[in-house]
Amino acid sequence: MASSVRVRFAPSPTGYLHVGGLRTALYNFLFARKNNGKFILRIEDTDRARYVDGAVEKLIDALHWAGIDYDEGPNKNGDVGPYIQSERLEIYRKHVEQLLQNGKAYHCFCASERLEQMRKEMEAKKVDVKYDRTCLKLSEQEIQNNIEKKIPFVVRMKIPEHRTIAFHDIVRGDVEFQSDLIDDQVLLKSDGFPTYHLAVVVDDHLMEISHVIRGEEWLSSVPKHLLLYEFFGWEVPQMAHLPLLLNPDKSKLSKRQGDVAVEDYRDKGYLKEALVNFVALLGWNPGTEQDIFSMEELIEQFSLERVHKSGAVFNLEKLNSLNATHLRKKSDEELLKILKDELAKSKFAGKHFADEYLLQVVTAMRERVTFVKDFIEQSSYFFEAPTAYDETAKAKNWKPETSYQLKLLTAEFSKLENPKKEDYEIALHKTAQQLQIGNGKLIHGVRLAISGVSGGPGLYDILSILGKEESMKRIYTAIETIK
RNA sequence: GGCGCUAUCGUCUAAUGGUUAGGACAAGGCCCUCUCAAGGCUUAAAUACGGGUUCGAGCCCCGUUAGCGCUACCA
């Protein structure tokens, strides 16, 4: 292999995995798998103020849940670790030292208050806001004195003047910036931690990253990074900047307008297959009319060239529909397993249901649910007798004569021995004939009596799942209860 | 404000100079039917605007507008 593909997902540990992050991670993962490359997870925790306990574990959990596993990263050391930036401080320090010696960077002792003041003034004067290079004029001696006096300092990048910085982005095409508009970016903070810009360049190079695939919010930072590659004399990886995920009002997807954490969707009962399928299609499609994908199919068909440029609204309706589709693709046995897990978390946790019984519920309901929890919420009557009767169904389907009709029906039911679905049907038809009414009349009443609602699986299915005893008991209860 | 990016049905998107501008979700209708679904069929729904280039523009160019991103010792 001439050039091997190595990509990375480099989130900062905020305590949860953002769905936009999931999409970025997924595209990186797909690209790596498709090209027999490596997918690396790197933790960008260079902001001590934002430290969140246990965040890395949560991140890894969420990724793993989604079916995105990394080849190198925390707890999976390759040759170029460590993969957590706070453990690489010495590496950054050395590189900053090199830049300092080459005159590509300089110490800055300006207090943040002064900088803030400066920016305000610049803004008022409507000139481009950037550092005024006060500290660039410091002599070697002054710098030494300041350091000895323990005045806090940062190290800034010295941006060259009058340069046009151009590069080719795989999804955006050719992009150009003028160096004169770029600020002398801080590379090393006063606490000794690197900023994103330094760390990302150093790590991407040291970790031999071939393609940088990340969100569009980084596009404006690319020229700084390019300059850094040049200062170090390093080869620049390929760039691909992904379109943003948007709120319904088209602003950048945010917490304020709904759930953004992968964990939220997981906890709400979304299937990983659906979430992955959904985010994959937010910004990419294979050009065919296929819209349901397994992870394998995504790997097979993914390409960066087909990622497009404009932002995509994160639309729940589509996700829901995808969830229902992926749910229906599962076998009864798989659904049984998930249903049992769900049941254990529900108010029916204390009750025992035989697998055989649950399997019948799955078969009856699988075409009617969007979420696994719908098995329980939409058809709770399989787990307990109705505790109430739907008012509109009552008004529509429960007439003064219904009690009498159902009594007649139960009489017919009581004659049945080990009835099957068909036996209930025959018995009901017989009763309807006797009463000289349509089957429908009877059916709706029975349905209400045994389920409490007006919708659901075929009546005879419900009857045979519930069984003769339970069904009759519920009919008696309804006769007594419904007025 | 400056810089950058973007612009096809309500939403996700297809069409990479020649199509009745296609599909999916959502919405409406019909079929099926004991109900609710599922499924099948079907209707409505888009090239932001203005100029070019071209025999021909959703596609190329310029401008306008709008949206978004960046403009931190945050990532």
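1. In this predicted model, the centres of domain 3 and domain 4, taken over C-alpha atoms, are separated by 23 Å. Nine residues of domain 3 are in contact with 12 residues of domain 4. In the domain assignment, domain 3 covers residues 330-384 and domain 4 covers 391-481, while domain 2 runs over 89-242 and domain 1 is made of two stretches, 1-73 and 243-329.

2. Turning to the chain as a whole, chain A has 20 helices and 11 strands. Its radius of gyration is 32 Å, well over the 23 Å that the globule rule gives for 483 residues, so chain A is more spread out than a compact globule. Along the principal axes, the C-alpha atoms of chain A fill a box of roughly 110 × 50 × 40 Å.

3. Burial and contacts can be read at the level of the chain too. Of the 483 residues in chain A, 49% are buried, and chain A exposes about 24200 Å², of which carbon and sulfur atoms supply 49%. Among the contacts between residues at least 6 apart in sequence, 74% join residues at least 24 apart.

4. Leu-115, Met-118 and Met-122 are buried in α4, and, seen down the helix axis, the buried residues fall within an arc of 60°, so they line one face of α4. The cover over these buried residues includes β4 (154-157), whereas the face turned away from the buried side carries the exposed residues Glu-113, Lys-120, Glu-123 and Ala-124. Just after α4, Lys-126 takes a positive phi of about 60°.

5. Helix α7, residues 222-232, is mostly covered, with 10 of its 11 residues buried. The buried residues of α7 include Lys-224 and His-225 as well as Leu-226, Leu-227, Leu-228, Tyr-229, Phe-231 and Phe-232. The residue that follows α7 is Gly-233, whose phi is positive, near 75°.

6. Leu-198, which lies in helix α6 (residues 196-206), is buried, with a relative accessible area of 0%. Leaving aside its neighbours within four places in sequence, Leu-198 is in contact with Tyr-92, Val-96, Leu-187, Leu-228 and Phe-232. Leu-228 and Phe-232 are among the buried residues of α7. Leu-198 and Val-96 are 102 residues apart in sequence, yet their C-alpha atoms are 8.4 Å apart in space.

7. Some backbone details deserve a careful second look, because most residues other than glycine have a negative phi, and most peptide bonds are trans. A cis peptide bond, with omega about -5°, joins Gly-81 and Pro-82, and Pro-82 lies in the loop between α2 (55-65) and α3 (89-102).

8. His-162, in the loop between β4 and β5 (164-169), has a positive phi near 50°, and His-162 is exposed, with a relative accessible area of 65%. Asn-418, in the loop between α16 (402-414) and α17 (421-435), has a positive phi near 45°, and Asn-418 counts as exposed at 72% relative accessibility.

Methods
Residues are numbered from 1 along each chain as its sequence is written. Chains are lettered from A and ligands numbered from 1 in the order in which they are written. This is a predicted model: local features need pLDDT of at least 70, side-chain atom pairs count only at pLDDT 80 or more; totals for chains, interfaces and linings use all residues. Side-chain values use heavy atoms; hydrogens and water are left out. Buried means under 20% relative accessible area, exposed over 50%, partly exposed in between (1.4 Å probe, protein chains only). Helices (H or I, at least four residues) and strands (E, at least two) are DSSP runs, numbered from the N terminus. The arc is that of the directions from the helix axis to the C-beta atoms. Contact means heavy atoms within 4.5 Å. The radius of gyration is taken over C-alpha atoms; the globule rule is 2.2 Å times the number of residues to the power 0.38. Accessible areas come from the Shrake-Rupley method with a 1.4 Å probe; for residues, only the protein chains shown count as cover. Domain bounds come from an automatic or database domain assignment.
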